[in-house]
Amino acid sequence: MRFHLDPFAGAPAPSASPVLRRTTAMQYLGAVVAVASSGLVAAFLRHGLALPNLSLVFLFAVLFTAVQWGLRASILASFLSVLVYDFLFVPPHYTFVISSPQDVLSLVVFLIVAVLTSNLTSRIRDQSYAAQQREARTAALYDLSRRIVGELDLDAIARSVAGEVERNVGSVTRLVLREYEGLRVVPRAGAPLAGAPIEGVSFDTDAWHTVALNSAGGDVGFLAIRREAGAELEGEQRRLVEAFADLAAIAIERARMAEAIERANLLSERERLQSLLLSSVSHDLRTPLASIIGSATSLLEGADTYSRQVRHDLVSTIRDEGERLNRFVGNLLDVTRLETGGLKLQREWIELADLVGTAAHAAGPRLARHDVIIDIDPGLPLLNVDFVLVEQVLVNVLDNAARYSAEGSTIGLRGTTLNGSIALTVEDEGVGIADSDVERVFDKFYRVLNADRRGAGTGLGLWICRAIMTLHGGAISAARAPGGVGTSILLRFPICDGGSDLGGEQP
Amino acid sequence: MSDHNIKVLVVDDEPQIRRFLRVTLTSHGYSVVEAEGGAEALRLIAGSRPELVVLDLGLPDMDGVEVLRRIREWSNVPVIILSVRDAEREKVEALDLGADDYVTKPFNTGELLARMRAALRHQLRSQSDDPVFRNGSLLVDLARRLVTVNGIDVRLTPTEYDVLRVLVTHAGRVLTHQYLLREVWGAAYVGQTHYLRVFVGTLRQKIEPDPSRPRIVITEPGVGYRLQTAD
């Protein structure tokens, strides 16, 4: 397999961690320097100290080397110390010849002690080093898990994991996700093609280490880590990378599950609305059609036998039901346009009084059996609205008021300013509205949900009203009318600048 | 005014609409010629010389507005537009191009007949016509610059009177905001619809029996105003 990853897509790889890489040449050089320094110190002290005590200075060098540079360097330091000690301080000076058998013995003892010390000390050093590494690994894991635990964006998870591996291993790393369409390499944030899937991914295992991301649900992808000069991932490093991989696999699986749940919820909500729409459409289309077809066929078949009054009633039914159909189709069109954002406001300056008068006129036949009282404060600022749409809002509201209140009752319209907006209240004396429903009446198909097929509403009217008011930066709300009887609908419009300049002339 | 034998061209691609218009208009004493599309309509206007055209804007072969534009290149025949709801911009465009009025589908016949009468009246009117407008309690005598409600003089500002005068000379027909603004304030004020709103508002206060529910100066949302005639 070939796998093309551009290592230059993004920042250069970070430098290797200082804890993990150290050349042996440096360690041996350290040992030499330590022994040489001890030689200098011992030469300085040779007149004040007995010969055997000078060996302690060298023992210190061995100990120091063991702590700093490990076992091999300290063994070297031990032998070097013996040679230097012998050459400089054991008589005869400046030769490796040893004249006294006692000195031979003490040199042998020194060597044994030095090697043992090296051994013990370096073992302690290794243990403490391992402990440090474990701690660093735990901290890195903790840090990574903290960053990806709440993350639901797959790419963000992938970037966090790849970044963490890079920091700890020192090689360019990418996370490759196994997706429905195939493999996708998640690029670095800010890389030229960030987010774009790399198609037809294949990879070259000579150039990249791969570490699989296995979760309970299967293989979700892998980590690709660039090989640095043929080095292998080993020991502590491999364990760390594998721990990162496990963490990443869990996080990726969780993010995918959350996404799937979200999708499923959306889908079921859409299905619910669709079935509501279907039932609403079939009911609201069929009912008036049934009346129209019924009345028309009655007229065709029995025209001669019906009285003038009956014929008039049948014809009126056809007209009224036709108008109802027309309103329903208009509502459906409005919903579609509002939902698809295809509605462009044609704003113009209008007086609230004009709006109310025009809407009352348009709703005229349906308001004929009610007492409509209009009270608009004089001198209100002009509204800057789409007249046609806002008129429709008010006609809808007036329709509802008429439909849900008794004939002969009063419908009051009151226009005022209210907290920096222009407010219009429409109050009826009808059946009213439960406090728990004051928000739900603005839901789509609320009437259908309510299983209340009384009246001729479509369950869309108030939803449309709210959508239109919101488009205008205004608001619509419902409440129980003050006094407890009937419903009160409040429309609020923002006050816009520029509608009061009349070029100097006052009417 | 007699409607007898006035020849009307109905342009609509829907046979049901043409049939219902033919039946209705014929029974009201008009004679009806029909066209299915724009090209046929243009041919018939040249050939049979109708005295009024009812033109649907949604034609299959040609944009209705384009048909109107071509008619107006050489003919002043009154044109009533059939349009749909939410097409106010289209209505205004057609009115600016010289359409006399519009009705919105679905419409009731009474409305259409009233529009047709107003358009024909305007077409036939000459200088000798009675310059007096009456609707209910309102009387406007343009020759004497006199406005009365229930016989009592109404004092209008010069601008209010100008607005009313333009409306009266086109009684029964819709007038676009632009048209009214140009006629009353001048071409530089086209677009200042809020002027119109305010002066129409105060005019209503003085001439409408119930200013909160206007019956004489009717607002046509998104389009303009119409002075309601008594018929």
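This note goes through the helices, sheets and nonpolar cores of a predicted model.

1. Basis. In this predicted model, local features need pLDDT of at least 70 and side-chain atom pairs count only at pLDDT 80 or more, whereas totals for chains, interfaces and linings use all residues. Residues are numbered from 1 along each chain as its sequence is written, chains are lettered from A and ligands numbered from 1 in the order in which they are written, and side-chain values use heavy atoms, with hydrogens and water left out.

2. Chain A overall. Chain A contains twelve helices and eleven strands; helices (H or I, at least four residues) and strands (E, at least two) are DSSP runs, numbered from the N terminus. Of its 507 residues, 40% count as buried, where buried means under 20% relative accessible area, exposed over 50%, and partly exposed in between (1.4 Å probe, protein chains only). Among the contacts of chain A with a separation of 6 or more, 69% come from residues 24 or more positions apart; a contact means heavy atoms within 4.5 Å. The chain exposes about 26900 Å², of which carbon and sulfur atoms supply 59%. Accessible areas come from the Shrake-Rupley method with a 1.4 Å probe, and for residues only the protein chains shown count as cover.

3. Helix H2 of chain A. This helix (residues 51-69) has 19 residues and reaches 28 Å from its first C-alpha to its last, close to the 27 Å expected at 1.5 Å a residue. The expected span is 1.5 Å times one less than the number of residues. Its buried residues include Leu54(A), Phe58(A), Ala61(A) and Thr65(A). An α-helix has 3.6 residues a turn, so residues three or four places apart point the same way. The buried residues of H2(A) pack against helix H1 (24-45), helix H3 (71-89) and helix H4 (101-148) of chain A. Gly70(A) follows H2(A) and has a positive phi, near 90°.

4. Ser55(A). This residue is found in helix H2 of chain A. Is Ser55(A) buried or exposed? Its relative accessibility is 13%, so Ser55(A) counts as buried. Leaving out residues up to four places away in sequence, Ser55(A) touches Tyr85(A) and Phe110(A).

5. The sheet of chain A. Five strands form an open sheet with mixed pairing, in the order E6-E8-E9-E11-E10 (chain A); two strands pair if DSSP finds at least two bridges between them. Strand E6 (371-376) and strand E10 (475-480) of chain A are at the edges with a single partner strand each, so one side of each is left without a neighbour in the sheet. Neighbouring strands of this sheet are turned by 15° against each other on average, direction ignored. Axes are lines fitted to C-alpha atoms, for helices over the stretch in contact, and angles run from 0 to 180 degrees between N-to-C directions. Helix H12 (residues 461-471) of chain A lies across E10 and E11 of chain A, at about 135° to E10(A).

6. Strand E9 of chain A. Six of the seven residues of E9(A) (residues 421-427) are buried, so the strand is largely enclosed by the rest of the structure. Strand E8 (residues 410-418) of chain A pairs with E9(A) in the antiparallel sense over seven bridges. Across this pair, Arg414(A) stands opposite Thr425(A) and Gly412(A) opposite Glu427(A). The hairpin of E8(A) and E9(A) has two residues between the strands, and Asn419(A) there takes a positive phi near 45°. E9(A) also pairs with strand E11 (residues 487-494) of chain A, antiparallel over seven bridges, and Ala423(A) has Arg492(A) in E11(A) as its bridge partner.

7. The sheet of chain B. An open sheet of five strands has parallel pairing and the order E2-E1-E3-E4-E5 (chain B). Its edge strands, strand E2 (30-35) and strand E5 (101-105) of chain B, each pair on one side only. Strand E4 (residues 79-84) of chain B runs parallel to E5(B) and is joined to it by five bridges; Ile81(B) stands opposite Tyr102(B) in E5(B). Helix H2 (residues 38-48) of chain B packs on the sheet, touching strand E1 (6-11), E2 and strand E3 (52-56) of chain B, and its direction makes about 140° with that of E2(B).

8. Nonpolar cores. The largest nonpolar core has 53 residues, and those with the most contacts inside it include Leu352(A), Leu355(A) and Phe493(A). A nonpolar core is a set of buried Ala, Val, Leu, Ile, Met, Phe, Trp, Tyr and Cys residues joined through side-chain atoms within 4.5 Å. Another core, of 30 residues, lies apart from it and has Val147(B), Leu156(B), Ala171(B) and Phe199(B) among its members.
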